[in-house]
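Biologist: I have a new model open and would like to go through it with you. Could we take it step by step?
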Amino acid sequence: MPIQSELFPPDASDPLPPLPTAQPGQKRDGNAPIPVPVWLQRLSLVVMVTFCFYVGLLLFCLPWTRFWYQNQYLLAYPWLSSILLHGATRGVISGIGLLDFWIGLSEAIHYRDYRP
């Protein structure tokens, strides 16, 4: 006797069909996710570390350059200028840049491949 799901195609109102949990020929239990390829893990690490380094360097250096205090936004809003030109605000933003740089470095040091 055929299984009911083979007799009737899925309804158009049904949500997306369930994702396969294993590749053909691979024995896995029904709840295990499909493993991520190693090249994709390494590529995502490179992208994340590069992004963290770039944003960290930008946030660390930008508050101390002329682009920070000589721009049209600060000249148009004097109340914002008094906040953003304060030394403590610049220091906090530079500290966030160092923290972001540290996160990228930590991710690069503690990286491990998860192989299936």
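Biologist: Let me start with a single side chain: is Phe 101 buried, partly exposed or exposed?

Modeller: This is a predicted model, and in it Phe 101 has a relative accessibility of 36%, so Phe 101 counts as partly exposed.

Biologist: And which aromatic pair does Phe 101 form?

Modeller: Phe 101 pairs with Phe 53, and the two rings are stacked, with 4.5 Å from centre to centre and 25 degrees between the planes. Those two values are given because a pair of aromatic rings is described by the distance of the centres and the angle of the planes. The count for this model comes to one aromatic pair.

Biologist: Which parts does the pair tie together?

Modeller: Phe 53 lies in helix H2 whereas Phe 101 lies in helix H6, so the pair links parts that are 48 residues apart in sequence. Phe 53 also counts as partly exposed, because its relative accessibility is 27%.

Biologist: Okay, how do H2 and H6 lie relative to each other, parallel or antiparallel?

Modeller: The axes of H2, which covers residues 38-61, and H6, which covers residues 87-109, come within 7 Å and cross at roughly 160 degrees. An angle over 145 degrees counts as roughly antiparallel, and that makes H2 roughly antiparallel to H6. The crossing in which H2 passes H6 is left-handed.

Biologist: Which residues of H2 and H6 make the contact?

Modeller: On H2 they include Leu 45, Met 48, Val 49, Cys 52 and Phe 53, and on H6 they include Ile 93, Gly 97, Phe 101, Gly 104 and Glu 107. Sorted by class, the contact of H2 with H6 has 15 nonpolar, four polar and two charged residues.

Biologist: Changing topic, how many helices and strands does the chain have?

Modeller: The chain has six helices and zero strands, and from the N terminus on its elements run α-α-α-α-α-α.

Biologist: What percentage of the residues count as buried?

Modeller: Of the 116 residues in the chain, 15% count as buried. As for contacts in the chain with a separation of 6 or more, 65% of them are accounted for by residues 24 or more positions apart.

Terms used: Residues are numbered from 1 along each chain as its sequence is written. This is a predicted model: local features need pLDDT of at least 70, side-chain atom pairs count only at pLDDT 80 or more; totals for chains, interfaces and linings use all residues. Side-chain values use heavy atoms; hydrogens and water are left out. Axes are lines fitted to C-alpha atoms, for helices over the stretch in contact, and angles run from 0 to 180 degrees between N-to-C directions. Helices (H or I, at least four residues) and strands (E, at least two) are DSSP runs, numbered from the N terminus. Angles under 35 degrees count as roughly parallel, over 145 as roughly antiparallel, 65 to 115 as roughly perpendicular and the rest as oblique. A crossing is left-handed if the near helix is turned anticlockwise from the far one by less than a right angle, and right-handed if clockwise. Contact means heavy atoms within 4.5 Å. Ala, Val, Leu, Ile, Met, Phe, Trp, Tyr, Cys and Pro count as nonpolar, Asp, Glu, Lys and Arg as charged, and the others, Gly among them, as polar. Rings of Phe, Tyr and Trp (its six-membered ring) pair if their centres lie within 6.5 Å; planes under 30 degrees apart count as stacked, over 60 as edge-to-face and the rest as tilted. Buried means under 20% relative accessible area, exposed over 50%, partly exposed in between (1.4 Å probe, protein chains only).
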